[in-house]
Amino acid sequence: MIRYKSLFILIAVAFVCMTVAFAAGDPAKGKEVYQKTCQKCHGADHKGNPAIAKSLKVEFKDLAGKEVQAMKDDELKKYILGPTDKKKPVKGVSPQQLEDVVSYVRSLKK
């Protein structure tokens, strides 16, 4: 009886771990999405395009910085998709691509 309980617990833990692993985004794919969709405004260095910041009269947050990295994933997703203040909403990004971008942004942490 104890063996069956142990086997059941082992299978349950393995299932949860696999689910979490598959649910997480892929930072390499996220980088591709970032380069196509986000880099124009947020820059290759993730600190923002100075010309766009000046024209919109905004200050871009460093995506690798403490403020952005402290955001919970749901907050970060909302921030990524927008709209916020002068940021237009991002369209054409699938839920999986959004997960990938979040994973990529997390990989930038200093």
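**Contacts, helices and core**

Reader: Let's start with Leu 76. Which residues does Leu 76 touch, leaving out those up to four places away in sequence?
Author: Leu 76 touches Val 68, Met 71, Val 102, Val 105 and Arg 106. Keep in mind that this is a predicted model.

Reader: Noted. Which residues of α5 are buried?
Author: In α5 the buried residues are Leu 76, Lys 77, Tyr 79 and Ile 80. They line one face of the helix, because they fall within an arc of 165 degrees when seen down the axis of α5.

Reader: And which exposed residues sit on the face turned away from the buried side of α5?
Author: Asp 74 and Lys 78 are the exposed residues there.

Reader: What do the buried residues of α5 pack against?
Author: They pack against α2, α4 (66-69) and α6.

Reader: OK, the core. How many residues does the largest nonpolar core have?
Author: That core has 16 residues, and Leu 63, Leu 76, Ile 80 and Val 105 have the most contacts inside it. The elements giving two or more residues to this core are α2, α5 and α6. The largest share, 5 residues, comes from α6.

Reader: Switching to α2. How far apart are its end C-alpha atoms?
Author: Helix α2 covers residues 27-42, and its end C-alpha atoms are only 17 Å apart. A straight helix of 16 residues would reach 22 Å at 1.5 Å a residue.

Reader: Where does α2 bend?
Author: At Gln 35, by about 55 degrees.

Reader: What caps the N-terminal end of α2?
Author: Asp 26 does, with a side-chain oxygen 2.9 Å from the backbone nitrogen of Ala 28.

Reader: And what comes just after α2?
Author: Just after α2 there is Gly 43, with a positive phi of about 80 degrees.

Reader: Which residues of α2 are buried, and what covers them?
Author: Gly 30, Val 33, Tyr 34, Cys 38 and His 42 are buried. What covers them includes α5 (73-81) and α6 (95-107).

Reader: Why does His 42 count as buried?
Author: Its relative accessibility is 11%, and buried means under 20%, so His 42 counts as buried.

Reader: Last one. What does His 42 touch, beyond residues up to four places away in sequence?
Author: His 42 touches Tyr 34, Lys 47, Gly 48, Asn 49, Phe 60, Leu 63, Tyr 79 and Lys 87. Among them, Tyr 79 is one of the buried residues of α5, and Tyr 34 is buried in α2.

Technical notes. Residues are numbered from 1 along each chain as its sequence is written. This is a predicted model: local features need pLDDT of at least 70, side-chain atom pairs count only at pLDDT 80 or more; totals for chains, interfaces and linings use all residues. Side-chain values use heavy atoms; hydrogens and water are left out. Helices (H or I, at least four residues) and strands (E, at least two) are DSSP runs, numbered from the N terminus. The expected span of a helix is 1.5 Å times one less than its number of residues. The bend at a residue is the angle between axes fitted to the seven residues ending there and the seven starting there. Buried means under 20% relative accessible area, exposed over 50%, partly exposed in between (1.4 Å probe, protein chains only). Contact means heavy atoms within 4.5 Å. A polar contact is a pair of N or O atoms within 3.5 Å; within protein, one must be able to donate a hydrogen and the other to accept it, and residues adjacent in sequence count only if both atoms are side-chain atoms. The arc is that of the directions from the helix axis to the C-beta atoms. A nonpolar core is a set of buried Ala, Val, Leu, Ile, Met, Phe, Trp, Tyr and Cys residues joined through side-chain atoms within 4.5 Å.
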